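Here is a short briefing on a predicted model.

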Amino acid sequence: MRAAVWFALAAASTYAVCEATAPRPRTAAGSHAWALAHLPRSRHIRAGTGRSAVRWTATEIEVQPAADAQKTIWAMPPSLSAGSKWFYDVDQALALNGGDVWSGQRVTPSQLHDLCEMALSTGAPRPVIPQFHPSRRWLWQQWAGTILRRVLPREVLFNTLFATVITGLFRAPGPYGAWRASAVNALMSVDQVWLLASGLVSFTLSFFLTQAYTVWRDVYVVVRQAQGRLNDINMLCATSAARQMNGTYTPEAEEFLTTFARYVRAYNVLFYASVTTEFAPLGTPAGLKELMGCGAITDEEREALLKTTNAHNTVLGWMHNMAMSGVRRGVLGYDLDSNSRAALLKMMLEKMTALRSTCASVPDKLSGRMPLAYTQLVQILSDLLVLFSPFALIHSVGGVGAVAGTALVTLFHASISSLAKLLLDPFGNMTWGANSGISINVATLIKEVNLSSERWRIQCATLPAAVRRTMFAEYDPPPFAGEGTERSGSSVRESGEGGRGGDGGAEPGREQDVVASIEGRWPVSTGGPPGPPK
């Protein structure tokens, strides 16, 4: 009975220490704002000396103190709009917005401007994840970006102190010394159960870490695939743009590529604004206004984006329409025949469709990263194993060994558990894992797309003489041309069945309809594909 009382007292002191050392956000809104930031929705909370009723909606908070009949409604708490911290809401997708639907609103104008400058920067990006050197000595010397800074010294020190208290209860001299010494022998069964459970817990934690890394890796691969689709689209536009006789872009093609590259950057920024808390302010009305001021979008485009709930997909629709109109007007694929232009358009639209589906899978993976029951079970198993470590080890290795063993068990198991939970937050959206150094550097991903959006246009701006000769010189029909192609001057005339532009050799289906629609809107002369613009 006394052992149970001592154990209850130790557990109570443990909870008190954790509660006292837990960080609490401080805001200028007083007790009401602190309560709003800490408790889940639809609860009655204690604020000061009274009791307040709080009701959440998607866009406002209603606070009604019991001592005051007048209620207050905030569309967005002004005091919480800059730099304050909120507690998470599990009714939200925590890996997307940290459990805070207003994560993009609490930013000062200067912070918003700096964030916009970083999102539109084309400077040299840092590595997307912290890099490492395989040297053993170098790895042992690292602290930043490691899991050790997460568990040391707080978790290990606290559990070590807990083990010291438990050891003192059984080993320290004083009253009931004989009874306490005999109680150590009674803990032999605890030692045996602890040994059996430690293997199960270690295996469960290892498997949990593997699954968490799989989620992190899947998200990383998906965002890299989205980046690759954007590069593909930029390459297709730059290489198929209309050119003059000297190999440079026509003025119309130059304007097209510049506008298209700006839409690519806007799409990328707005996409990450929808899946990260770091860039979420750029998706708000204030953020769109700041993007307009930085030249990322125009005022007309900002007004259009304010009417939508999915801004990046709206920009993707603009890119889709630009691609179709560019092919139709000859800005893209100007020197191709109708079949080749249809193939180019089809390829670009397929890339954009793949881009949409790839980006849409990111929030799906983040919101379905891991079931609650699985994560809770792993946490309970890990905590119970660490909690009973001093009771199990004091019989077999003594008091000093129990304290040291508890520290090692905490270091190993808490490190694995914490690392797995950090990996389940790939973008570092939750404040629990902020600045851990383990999340993906989203700023690097955005900068890389900013650079690639202009790289293809600049690299393909001029063509060497050898390439120009193959594009603009007179050419003979290919030796493998069928009987349906006949020579007319220096061009290839498409006629009869089996020719490149004839309907007889075209496959039925959607592509044939696209070809017909393009031919109807942009007819090709019977002399073959159009030559370069004069």
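Helix H10 (residues 251–275) packs with helix H17 (residues 442–459) at an angle of about 170 degrees. Their axes lie 9 Å apart. H10 and H17 are therefore roughly antiparallel (an angle over 145 degrees).

**The H10 and H17 contact**
- Contact means heavy atoms within 4.5 Å.
- H10 contributes Glu254, Leu257, Thr258, Ala261, Val264, Arg265, Asn268, Val269 and Tyr272.
- From H17 come Val442, Leu445, Ile446, Val449, Asn450, Ser453, Glu454 and Arg457.
- By class, this contact has nine nonpolar, four polar and four charged residues.

**Helix H13**
- H13 covers residues 311–329, which is 19 residues.
- From first C-alpha to last it reaches 27 Å, close to the 27 Å expected at 1.5 Å a residue.
- Just after H13, Gly330 takes a positive phi of about 90 degrees.

**Confidence**
- The mean pLDDT (the predictor's confidence in each residue, from 0 to 100) of the chain is 75.
- 68% of the chain's residues reach 70 or more.
- Over residues 1–7 the pLDDT is below 50, and this stretch has six contacts beyond near neighbours in sequence.
- Over residues 15–87 pLDDT stays under 50, with 119 contacts beyond four places in sequence.

**Reading notes**
- The model is predicted, so local features need pLDDT of at least 70, side-chain atom pairs count only at pLDDT 80 or more, and totals for chains, interfaces and linings use all residues.
- Residues are numbered from 1 along each chain as its sequence is written, and side-chain values use heavy atoms, leaving out hydrogens and water.

Conventions
Axes are lines fitted to C-alpha atoms, for helices over the stretch in contact, and angles run from 0 to 180 degrees between N-to-C directions. Helices (H or I, at least four residues) and strands (E, at least two) are DSSP runs, numbered from the N terminus. Angles under 35 degrees count as roughly parallel, over 145 as roughly antiparallel, 65 to 115 as roughly perpendicular and the rest as oblique. Ala, Val, Leu, Ile, Met, Phe, Trp, Tyr, Cys and Pro count as nonpolar, Asp, Glu, Lys and Arg as charged, and the others, Gly among them, as polar. The expected span of a helix is 1.5 Å times one less than its number of residues.
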